[in-house]
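Open the structure in your viewer and keep the selection tool at hand. The tour below goes stop by stop.

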Amino acid sequence: MVNWGQIREKGKRRIVLLYGIVLSIPLILDYYIVKCLLKSFRLDFIFVEFLFVSIICILLGLILALLIWHRMEKDWSNTNSFFK
């Protein structure tokens with residue numbers, strides 16, 4: 001397992017952007033799966049809706065990745081201060 005110290009060396013911006021985009025993809029897919037189920041397996045593709053959903057899901061993914069970063073940093077600092 002990769003140590004948090006090794007992950008954080010890559011930089012906050014890079015990690016948050018990477019994980020934010022990775023987390024947003026399942027959110028977008030979940031939206032369209034639920035939409036397909038609610039409309040009895042009929043899916044109409046509207047580009048403006050896709051753009052809106054993508055922007056919202058990417059923002060949610062970035063916020064979640066940022067929260068994860070802050071939580072891991074807090075745990076990392078508590079662990080390192082314990083051993084010093």
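Is lysine 35 buried or exposed? Lysine 35 counts as buried because its relative accessibility is 12%; buried means under 20% relative accessible area, exposed over 50%, and partly exposed in between, with a 1.4 Å probe and protein chains only.

Before going on, note that this is a predicted model, in which local features need pLDDT of at least 70 and side-chain atom pairs count only at pLDDT 80 or more, while totals for chains, interfaces and linings use all residues. Residues are numbered from 1 along each chain as its sequence is written, and side-chain values use heavy atoms, with hydrogens and water left out.

**Stop 1: lysine 35**

Select residues 12-38 to show helix 2, where lysine 35 lies. Helices are DSSP runs of H or I with at least four residues, numbered from the N terminus. Leaving aside residues up to four places away in sequence, lysine 35 touches Leu43, Asp44 and Glu49; a contact means heavy atoms within 4.5 Å.

Next, select glutamate 49 together with lysine 35: their side chains meet in a salt bridge, 2.5 Å from N to O. Glutamate 49 lies in helix 3 and lysine 35 in helix 2, so the pair ties together parts that are 14 residues apart in sequence. Both residues of this pair, glutamate 49 and lysine 35, are buried.

A salt bridge here is a side-chain nitrogen of Lys or Arg within 4 Å of a carboxyl oxygen of Asp or Glu. By this rule there are three salt bridges.

**Stop 2: glutamate 73 and arginine 8**

Select glutamate 73 and arginine 8, a salt bridge whose closest N and O atoms are 2.7 Å apart. Glutamate 73 is in helix 3 (residues 47-83) and arginine 8 in helix 1 (residues 4-8), so this pair ties together parts that are 65 residues apart in sequence. Glutamate 73 counts as buried at 19% relative accessibility, whereas arginine 8 is partly exposed at 33%.

**Stop 3: aspartate 75 and arginine 71**

Now select aspartate 75 and arginine 71, whose closest N and O atoms are 3.6 Å apart in a salt bridge. Both lie in helix 3, four residues apart, about one turn of the helix. Aspartate 75 is partly exposed, with 32% relative accessibility.

**Stop 4: a nonpolar patch**

Which residues make the nonpolar surface patch of about 800 Å²? Select Phe45, Ile46, Phe47, Val48, Phe50, Leu51, Ile55 and Leu59. Patches are made of residues with over 30% relative accessible area and no salt bridge, and nonpolar side chains (Val, Leu, Ile, Met, Phe, Trp, Tyr) are joined within 5 Å. Accessible areas come from the Shrake-Rupley method with a 1.4 Å probe. End on phenylalanine 50, found in helix 3 and partly exposed at 31% relative accessibility.

Conventions. Helix = DSSP H or I, 4+ residues; strand = E, 2+ residues; numbered from the N terminus. Patch = residues over 30% accessible without salt bridge, like charges linked within 9 Å, V, L, I, M, F, W, Y side chains within 5 Å.
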